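Biologist: Hi! Could you walk me through this model, starting with how strands pair up?

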Amino acid sequence: MPTSPDENPDHHAEDFLVCGLGRLGRECATVLKAFGVRVIGVDISAGAGQDPSISNLLDAFHAGDCSHADILKKAGVENCRAVLLVTSDERNNIASAFIARSLNPRVRLIIRSAQENLNALLRQQLGNLVAFEPSQFSASAFALVSMGDETQAFFEVEETKVRVARDIIEDDDSRIIGRRVHELNNADRRIFGVTTGSEPVGDFLLAVNPDKEVAAGDVLTFFESGDLHPSESALRAAPRKREPGPTLATHFSSFKGALKRLRHSVEVPRVAAISFAIMLVLSVATFLFYSRENPDISVLDAVNIAIVLAIGGFDNVFGALKVPFPISDRLYAFSVLIHVCSTVFLGVVFATLTERLLSARLQIARRRPASPSGGHTIVIGMGAIGQRIAEMLREWGQPTVGVSQEPVAEDVLTEMSIHSGPLPEALARANVETAKSIIAVLDDQVANLEVSLLACSLNPECTIVFRTADQDLARNVASLVSSSTGLSDYAIAAEAIAGAAFGENIISAFHLDDRSALVTEYDIHQGDTLIGRPLSEIAYGYGVAPIIHRRGEDKRFNPSDDIVLEAGDVVVVIATVDGLRRIEIGARDAPQWRLAILSSPSEAARFEAANAMARISGCDLAQARSVMQRLPSTLEKPLYQQQGSRLTRELRKLLVMTRLEFDGDERTSG
């Protein structure tokens with residue numbers, strides 16, 4: 001959490017250096033610029049800084065290799081708050097990290113690297129360093145969208161599994177319709193977004209009216225503890241949808257797929273087939289010619305001569321000084337022709353058979369399971385992000401099949417069915433006709449769109465998720481193909497990386513509506529301006545959703561708004577980038593509601609009401625008792641609507657009459 005902005009006026013004037021202005025670097029620069037900080041770019045290509053899409057985001061640009069100390073000095077690394085090393089070359093990123101640390105011992109280093117063991121060693125040696133691979137933030141977003149249910153995110157924090165979900169209220173949800181939002185919250189679940197129709201979720205908790213009655217068509221966004229799939233704690237307690245059982249059409253489709261796989265498995269190169277056909281014709285001709293010219297030769301002898309000549313046994317027939325049967329010159333010349341043909345064509349046939357036998361031996365040694373008959377997810381593109389998506393889906397119990405244009409190493413996901421080759425053929429072998437969902441994460445976004453549309457034409461009922469850098473394209477495709485969703489993996493990762501650049505611990509990132517949400521851990525340090533403030537001010541003032549509070553060994557999921565923060569506390573929240581930015585600069589929304597206390601039935605009620613008032617509002621207990629002793633009166637401390645609503649409900653239990661009033665002109669500093 002931030003210290004007071006006034007205590008360090010130069011704090012936000014420090015620079016952020018982005019090294020590597022590829023797709024990821026540009027996304028990081030975009031997010032950092034939204035924080036209002038100064039962004040400096042470094043790229044080995046001088047043309048990167050002249051690109052209009054990036055030049056408007058940079059306050060300065062330097063062309064050169066970031067692994068050279070003179071380039072980093074020229075970019076002003078000594079005055080930078082953080083350096084983001086996000087080039088596509090991991091070795092270059094690591095080398096640059098050592099140079100940056102030697103030039104600025106205090107700078108925060110963000111490194112793009114997939115080497116987990118090396119990353120751990122770098123954190124120990126260099127300190128104040130975060131190493132990441134973009135797929136670790138975005139893979140879960142692709143996997144969850146492909147599941148096609150209400151789950152928006154699933155992650156583990158502080159040894160607690162947390163599920164973020166959205167539930168659309170139907171007309172027949174009689175147990176939910178008419179209930180107030182606060183009545184649906186419990187110790188294991190909290191609603192942090194209430195919208196209608198396609199309206200996006202606003203700042204978490206800020207726009208949630210706890211006294212709103214839930215109506216049909218409302219969309220409730222909530223987090224809860226538990227497993228990935230809806231449990232008894234879910235808003236709509238219903239069993240998980242079962243996949244439909246096999247039907248005649250399913251069996252027929254599986255049979256067609258088996259035929260295609262069989263045809264592919266026994267496919268023989270055309271040259272070998274032609275060679276075999278030629279030798280077969282010549283063998284039959286040999287049998288006929290020898291039988292006709294030598295009637296004394298039996299049929300068996302004629303067949304024997306044809307076979308011997310066809311397999312290169314010319315010397316076995318004509319090796320003796322005298323041929324055991326009469327033969328004309330024409331027949332002898334034909335026999336020589338067969339010998340020459342057998343040398344050429346049988347060599348092709350035997351070479352093909354040898355290749356197939358060796359290939360079959362390798363397949364037997366490492367045999368992958370067959371593709372599921374239906375209800376599975378197909379991941380197209382088995383790069384780093386594709387492999388991580390497949391691992392997640394398998395961990396969640398979803399049958400998964402991999403498809404790749406290039407051969408995949410045998411030690412990659414050995415227990416999963418993977419098909420390589422031309423995409424149309426590989427998709428057919430993966431049973432695309434009966435798949436539940438398709439995830440296309442090839443490196444080429446045009447290829448992703450192409451294969452997604454191909455899969456949709458083969459299976460119009462499946463959910464399509466494709467990787468793209470153009471969100472406008474994704475929206476246009478979704479308008480035509482309603483079951484499709486386009487996600488930018490680097491856009492999701494960049495927001496998490498930018499948050500980490502400010503010193504926060506980003507645990508997870510997920511896609512919610514058209515933006516990213518970040519699961520962020522904050523350590524409350526000595527001198528933090530948030531010490532002494534109730535958690536409600538953090539939640540409603542900055543628009544974040546606290547999910548865990550830890551103080552020493554005491555850990556609480558869905559913590560109470562009444563917890564007052566102390567030095568050493570740890571708070572985990574769900575926030576948007578805008579929420580993180582507001583926390584960073586201390587831009588807390590002012591509370592704008594006043595609570596008027598009208599009457600109290602007894603002295604005991606006034607006593608308990610003052611206790612509740614001090615606990616929920618965070619005001620001084622003496623001030624609360626003073627208010628209760630001079631009724632009617634108004635609590636001087638302004639409240640957030642959610643605070644005031646909860647306090648009103650608590651006082652109502654004591655038969656204390658209150659009125660919550662909006663004071664839009666009130667301005668209270670953070």
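Modeller: Happy to! First, a term: two strands count as paired if DSSP finds at least two bridges between them. Keep in mind that this is a predicted model. Strand S9 (residues 189-196) and strand S10 (residues 218-225) pair in the antiparallel sense, over 7 bridges.

Biologist: Which residue of S10 does Arg-190 stand opposite?

Modeller: Arg-190 stands opposite Phe-223 in S10.

Biologist: And is S9 mostly covered or mostly open?

Modeller: Mostly covered: 7 of the 8 residues in S9 are buried.

Biologist: Okay, new topic. What is the strand order in the open sheet of 5 strands?

Modeller: The order is S17-S18-S21-S19-S20, and the pairing is antiparallel. At the edges are strand S17 (505-512) and strand S20 (554-557), each of which pairs on one side only. From one strand to the next, the twist averages 15°.

Biologist: How many bridges join S19 to S20?

Modeller: There are 4 bridges between strand S19 (residues 545-551) and S20, and the two run antiparallel. Across that pair, His-549 stands opposite Arg-556 in S20.

Biologist: Now the open sheet of 3 strands. What is its order?

Modeller: That one goes S23-S22-S24, again with antiparallel pairing. Its edge strands are strand S23 (633-634) and strand S24 (657-662). Strand S22 (residues 593-599) pairs with S23 over 2 bridges, and Ile-597 stands opposite Ser-633 in S23.

Biologist: Which helix packs on that sheet?

Modeller: H21 does, touching S22 and S24, and the direction of H21 makes about 170° with that of S24.

Biologist: Let's stay with helices, then. How do H19 and H21 pack?

Modeller: Two packed helices are described by the angle between their axes and the distance between the axes. For helix H19 (residues 603-617) and helix H21 (residues 641-653), the angle is about 160° and the axes are 10 Å apart.

Biologist: Why are H19 and H21 called roughly antiparallel?

Modeller: Angles over 145 degrees count as roughly antiparallel, so H19 and H21, at about 160°, are roughly antiparallel to each other.

Biologist: What handedness does the crossing of H19 and H21 have?

Modeller: H19 passes H21 in a right-handed crossing.

Biologist: Which residues meet there?

Modeller: From H19, they include Ala-609, Ala-612, Met-613 and Ile-616. Among those from H21 are Arg-646, Leu-647, Glu-650 and Leu-651. By class, the contact of H19 with H21 has 6 nonpolar, 2 polar and 3 charged residues.

Note on methods:
Residues numbered from 1 in each chain as written. Predicted model: local features only at pLDDT ≥ 70, side-chain atom pairs only at ≥ 80, totals over all residues. Heavy atoms only, no water. Axes fitted to C-alpha atoms, helices over the stretch in contact; angles between N-to-C directions. Parallel < 35°, antiparallel > 145°, perpendicular 65-115°, else oblique. Left-handed = near helix turned anticlockwise from the far one by under 90°. Contact = heavy atoms within 4.5 Å. Nonpolar A, V, L, I, M, F, W, Y, C, P; charged D, E, K, R; others polar. Buried < 20%, exposed > 50% of the residue type's maximum accessible area, 1.4 Å probe, protein only.
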